[in-house]
Amino acid sequence: MLDDDISNTNGPTVAELDGTMTLIIGDSSKHYYRYDYDPATGTVGERSVFGDVSALGPNGTPGVPDGAALDSDGGLWCALPRSGSLVRFTSAGLDGRIDLPFENPTDVAFGGPDLDRLYVVAI
């Protein structure tokens, strides 16, 4: 058990961010969280908020963290069901938003020959 205060895990990913191995987990009831991570032992450090979704839904309502993928620049692209949007977080905070022509994006993945296309899954 890495964190007993996560109610619904989504979009887990591991990468080196800011010179530190990092685990990012989305909790569908709260935010995207960041932990320093030691892959040799599987241990994590203290939790901090990586992506605050408290006002990213329609009309300022909370977003719902779901599937996510890191890009090559350390940006976390996140699907926010019920918001009709994708958002991108970096270590500095919210970095971008793309409004979509549908309400429920649920996951994202990079693909294409150069991994430069962002694919979106929706329900």
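What we have here is a predicted model, where local features need pLDDT of at least 70, side-chain atom pairs count only at pLDDT 80 or more, and totals for chains, interfaces and linings use all residues. Residues are numbered from 1 along each chain as its sequence is written, and side-chain values use heavy atoms, with hydrogens and water left out.

Let's begin with Leu115. Leu115 has a relative accessible area of 56%, so we call it exposed. You'll find Leu115 in the loop between strand E9 (105-111) and strand E10 (117-122); strands here are DSSP runs of at least two residues, numbered from the N terminus. Its phi is near 50 degrees, which is positive, and this isn't a glycine.

Now Asp18. That one sits in the loop joining strand E1 (9-17) and strand E2 (20-27). Asp18 is at 59% relative accessibility, so it counts as exposed.

And then His31: buried or exposed? Buried, because its relative accessibility is 17%. His31 is in the loop between E2 and strand E3 (32-38). So who does His31 touch, leaving aside neighbours within four places in sequence? Ile25, Gly26, Val49, Gly51, Asp52, Val53, Ser54 and Pro65, where contact means heavy atoms within 4.5 Å.

Two of those partners come up again. The His31 side chain has a polar contact with the Asp52 side chain, at 3.4 Å. A polar atom of that His31 side chain also lies 3.2 Å from the backbone nitrogen of Val53. By polar contact I mean N or O atoms within 3.5 Å; within protein, one must be able to donate a hydrogen and the other to accept it, and residues adjacent in sequence count only if both atoms are side-chain atoms.

Terms used. Helix = DSSP H or I, 4+ residues; strand = E, 2+ residues; numbered from the N terminus. Buried < 20%, exposed > 50% of the residue type's maximum accessible area, 1.4 Å probe, protein only.
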